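Here is a short report on one protein model.

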Amino acid sequence: MLRKTLQNIPVAKPYLLATAIAVLIFLPTWVRLAEAWLEFEQVLAHGLATALIFLWLVITHPPAPNKALTHQQRPFYKTGALALIVITLGWAVLELARIDTLAYFALPAGIAGVTWALLGWQRLISFLPYILVLSLSLPFWADLVPALVHLASAVVGTWVRWMDMPALIEGNSITVPFGRLVIEDGCSGIRYFAISILLAAMTSILNDYRWRGWLVSLAVAITLALIVNWVRITILVVVGYQSEMQSDLLKDHELMGWLVYGAFIIPVMYFSPVMKRNPDSQAQPANVNKKGYIAIAVAVLLGPAALTLATTTTTTQPGLWSLNIANGSKAELQSLPIPLSMPEALNQQAWRTAGTRVLLAQSQRTSADNKLVPYLPAQFNHSQWLRESNQQPGATVYRNILTRKQVVMAQWYQVGDYRADSYRNAKLLQIPALLQGATRFALVTLQASCQQRSCENAYNAVINQKTTLQAQSFTLTNDRSP
């Protein structure tokens, strides 16, 4: 094994060089990503291991381009150089706005750009599967958790009905006669999902699969991961019902989950095909295009260097925003029908009117290291407050599964002079807002409790208040008092 690895080093060296250069160009984002790996959180516990697997694959099984294509097609070095410069410029803007998720996606794109500029298009194509493996270490998995929870809730709820088990199924909550089980984020199965995709990608690379083989491997991996998690949750529901919610398995089911996963994955891995690379078709070392270093130098000037200059000075405007609420009075923060949990960094103010409650949470960017739109975790317990299906535009109706109380809620985000109805759009609006010198962010929340039989009056009150506030100049008025 060691002898074979030493023989592969010359072939792997150009790809390792391209990776190292890309890491240096986009170093600030790579540093933050490494810090995220070392936190070993649930959705990124595999991050560091995935990066090491990427290096191991490159060294022990270097990319082997299709020789026929290599001789027939041009390398397009100039196009690769242009792509690298464009990627670097885009990364610099994202890094300036601190839109971390998109900045992380620029990292594998940067490796692809450097590879293209130095080694050519054919070598890039052969290296893309390896870059895909490294991409699995990026912290995008948390965005998949809500969808996985929703899917698991729907499937497990259906299975429970098929078993004729007496249970009330509401969203991600399953209530049996002896208690209630909640399919929360920890039950999304994201770890099984990520590891299965990683194993499929490794198998595809080691077997030198083409795109059809990749599609089959990924389809099997994703299906397997989903079924494992659904089976695991169903077992917990059955155990909870049969033991009258007294089983210790309901409190500590981590080991049980991995045993179920192993029972599925081990046979699949054992019977998966193994295709050894023909020794006569071993890849030859790639030639490095020396002119590609010019593109790398330009990318450094337009990326890291320009970013450093742009972040050396920041201007701030003192003071806080305030809402003009007619016939409104200040209220306690916890007076909202659905109490919201906001980060401590946000300044919060609450008002009460005849029909609504209003909360203004805001922050100000004081340095280049801070985000204009801060990270906002879940603001309330979505397992307890379920979103009603009969929605109307402009507001959302939530129902408490314990008290059956219903509340109408509307929100919008203010990013400088821009307004957004979703957090995702607010993050994207950071870019034009920052280019205009904006330093302020606010989240406005309006709530109203429904009557016992109807939410019509509450809905109208929230919509009217929202329309009135948004009609004001810049939505918010500047209060410079200390």
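At roughly what angle do the axes of helix α3 and helix α9 cross? This is a predicted model, and in it the two axes cross at roughly 5°. They come within 12 Å. Helix α3 covers residues 47-60, and helix α9 covers residues 190-206. Angles under 35 degrees count as roughly parallel, so α3 is roughly parallel to α9.

Which residues make this contact? From α3 come Thr50, Ile53, Trp56 and Leu57. They meet Leu198, Met202, Ile205 and Leu206 in α9.

Now turn to the empty space. Rolling a probe the size of a water molecule over the atoms shows where such space is left. How many cavities of 30 Å³ or more does the structure hold? It holds 2. The largest cavity has a volume of about 50 Å³.

Its lining includes Leu148, Ala152, Ser188, Gly189 and Phe193. Ala225, Leu226, Asn229 and Trp230 line the largest cavity too. Two helices, α8 (145-162) and α10 (211-242), each supply at least two residues of this lining. The largest share comes from α10, with 4 residues.

What classes of residue make up the helix contact and the cavity lining?

Conventions. Residues numbered from 1 in each chain as written. Predicted model: local features only at pLDDT ≥ 70, side-chain atom pairs only at ≥ 80, totals over all residues. Heavy atoms only, no water. 1 Å grid on protein atoms, 1.4 Å probe; cavity = no way out; pocket = protein on both sides within 12 Å on 5 of 7 lines; lining within 4 Å. Points joined across faces, edges and corners; volume = space filled by probe spheres on them. Axes fitted to C-alpha atoms, helices over the stretch in contact; angles between N-to-C directions. Parallel < 35°, antiparallel > 145°, perpendicular 65-115°, else oblique. Contact = heavy atoms within 4.5 Å.
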